[in-house]
Amino acid sequence: MPLALSERVIVERAQMLPAFPTVVNDLLMTLDDDNATIGALIQLVGRDPVITARVLSIANAAAMAGRIQRDVRDMQVAVSLIGVARLREIVLTLSLAEFAHGAHVGRQFWEHSVAVGVAAQELARIGRTSVDFALVCGLLHDIGQLWMARCHPLEFQMVRMSREQEPGLDIIEAERRHFGVDHCAIGSVLAGAWQLPPSVVAAIRHHHEAHPPADKLVAATHVGEALANALDLVGHDQASVVEVSAGACELLGLHWDDDLNFLFGRIEARSRFLNRIFS
């Protein structure tokens, strides 16, 4: 018999997870603020010594690669070396990596999340929508599974066993059989409770749906997971998207008869790079 999970129960049991990093919300808010300055972004980063140290480390690596003979200890100099866009990517990825690792998820879960985040970013560029929002959508798209694993490990294992016993069983159907809801619904409840933007909540909620999405971030996350699985970047097959929405591809301007080798190469290379520096 499936569990009876209300939104209230999902939010209450989320206390078993680490605290969601507020820097993610704060950073996403600056993207919508035309008055936000680089100084404000640096100040935001400076509130977290772990993130600051990693940013400076990456900046020093960039300096060495460019044969700049100096020890970078100033955030202004760091930003000049790595760029604002790269800084935002580092902050978002590192803060969510710390969150996921604090929840003691398996390495494969995080590597898959990074791959989907990168794929969603690349698709967002094609679709001309926010790459930063797309990265967050991809990194958090399976957050509902993390909740399942931490809050109801027995039922979570039963889902996996069901799929092993019935190879054709869809992940969504298997989860509803044991939980009464799927990881997409749980993830969207969590994202709403964490006050993430509605577009991010929608992308988490609908990333497995094959019908045409109304939002480019939903489309980028949906197609991004399909690409990450198709490229087999981490051998992850437990939450694969079964059917890719033609409407999502059309909304993004993605045409399968085009030469997409460059896109696939960027997704693979950037996924491996991010997983390596944040492992």
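**Figure 1. The lining of the largest cavity in this predicted model.** H6 gives the most, with three residues. Which classes of residue make up the lining? Nine are nonpolar, one is charged and none is polar. The space itself has a volume of about 40 Å³. A search of the whole structure finds two cavities of 30 Å³ or more. If you wonder how such spaces are found, rolling a probe the size of a water molecule over the atoms shows where empty space is left.

**Figure 2. His-207 and its surroundings.** Look for His-207 in the loop between helix H13 (198–206) and helix H14 (216–230). Is this histidine buried or exposed? His-207 counts as buried because its relative accessibility is 0%, and the cut-off for buried is under 20%. Two polar contacts can be picked out in this view. In one, the side chains of His-207 and His-183 are joined at 3.5 Å. In the other, the side chain of His-207 reaches the backbone oxygen of Ile-204 at 2.8 Å. Setting aside residues up to four places away in sequence, His-207 touches His-141, Asp-142, His-183, Cys-184, Thr-221, His-222, Glu-225 and Val-241.

**Figure 3. Trp-147 in the largest nonpolar core.** This core has 92 residues, and those touching the most other members are Val-24, Val-55, Leu-87, Trp-147 and Leu-196. Helix H7 supplies the largest share of the core, ten residues. In soluble globular proteins, nonpolar side chains tend to be buried together. Now follow the contacts of Trp-147, leaving out its neighbours within four places in sequence. Its partners include Leu-5, Val-9, Ile-10, Arg-13, Ala-14 and Leu-17. Trp-147 is also in contact with His-152, Phe-179, Ile-186 and Leu-190.

**Figure 4. Leu-254, a buried loop residue.** Leu-254 is found between helix H15 (246–252) and helix H16 (261–277), in the loop. Its relative accessible area is 4%, so Leu-254 is buried. Beyond its neighbours within four places in sequence, Leu-254 is in contact with Leu-123, Ile-126, Val-223, Cys-249, Leu-260 and Leu-263. How many residues along the chain lie between Leu-254 and Leu-123 in position? They are 131 residues apart along the chain, and their C-alpha atoms are separated by 8.0 Å.

**Figure 5. Leu-274 in helix H16.** Leu-274 counts as buried because its relative accessibility is 2%. Not counting residues up to four places away in sequence, Leu-274 touches Arg-86, Glu-89, Thr-93, Val-114 and Val-118. Take the pair Leu-274 and Glu-89: their positions are 185 residues apart along the chain, with 9.8 Å separating their C-alpha atoms.

**Figure 6. Arg-73, an exposed loop residue.** Our last stop is the loop between helix H4 (49–65) and helix H5 (75–82), where Arg-73 has its place. With a relative accessible area of 69%, Arg-73 is exposed. What separates the C-alpha atoms of Arg-73 and Glu-173? The answer is 51 Å, for two residues 100 places apart along the chain.

Technical notes:
Residues are numbered from 1 along each chain as its sequence is written. This is a predicted model: local features need pLDDT of at least 70, side-chain atom pairs count only at pLDDT 80 or more; totals for chains, interfaces and linings use all residues. Side-chain values use heavy atoms; hydrogens and water are left out. On a 1 Å grid over the protein atoms alone, a cavity is a set of points where a 1.4 Å probe fits but cannot get out, and a pocket is an open set with protein on both sides within 12 Å along at least five of seven lines; lining residues have an atom within 4 Å of a point. Grid points are joined across faces, edges and corners, and a volume is the space filled by probe spheres set on the points. Helices (H or I, at least four residues) and strands (E, at least two) are DSSP runs, numbered from the N terminus. Ala, Val, Leu, Ile, Met, Phe, Trp, Tyr, Cys and Pro count as nonpolar, Asp, Glu, Lys and Arg as charged, and the others, Gly among them, as polar. Buried means under 20% relative accessible area, exposed over 50%, partly exposed in between (1.4 Å probe, protein chains only). A polar contact is a pair of N or O atoms within 3.5 Å; within protein, one must be able to donate a hydrogen and the other to accept it, and residues adjacent in sequence count only if both atoms are side-chain atoms. Contact means heavy atoms within 4.5 Å. A nonpolar core is a set of buried Ala, Val, Leu, Ile, Met, Phe, Trp, Tyr and Cys residues joined through side-chain atoms within 4.5 Å.
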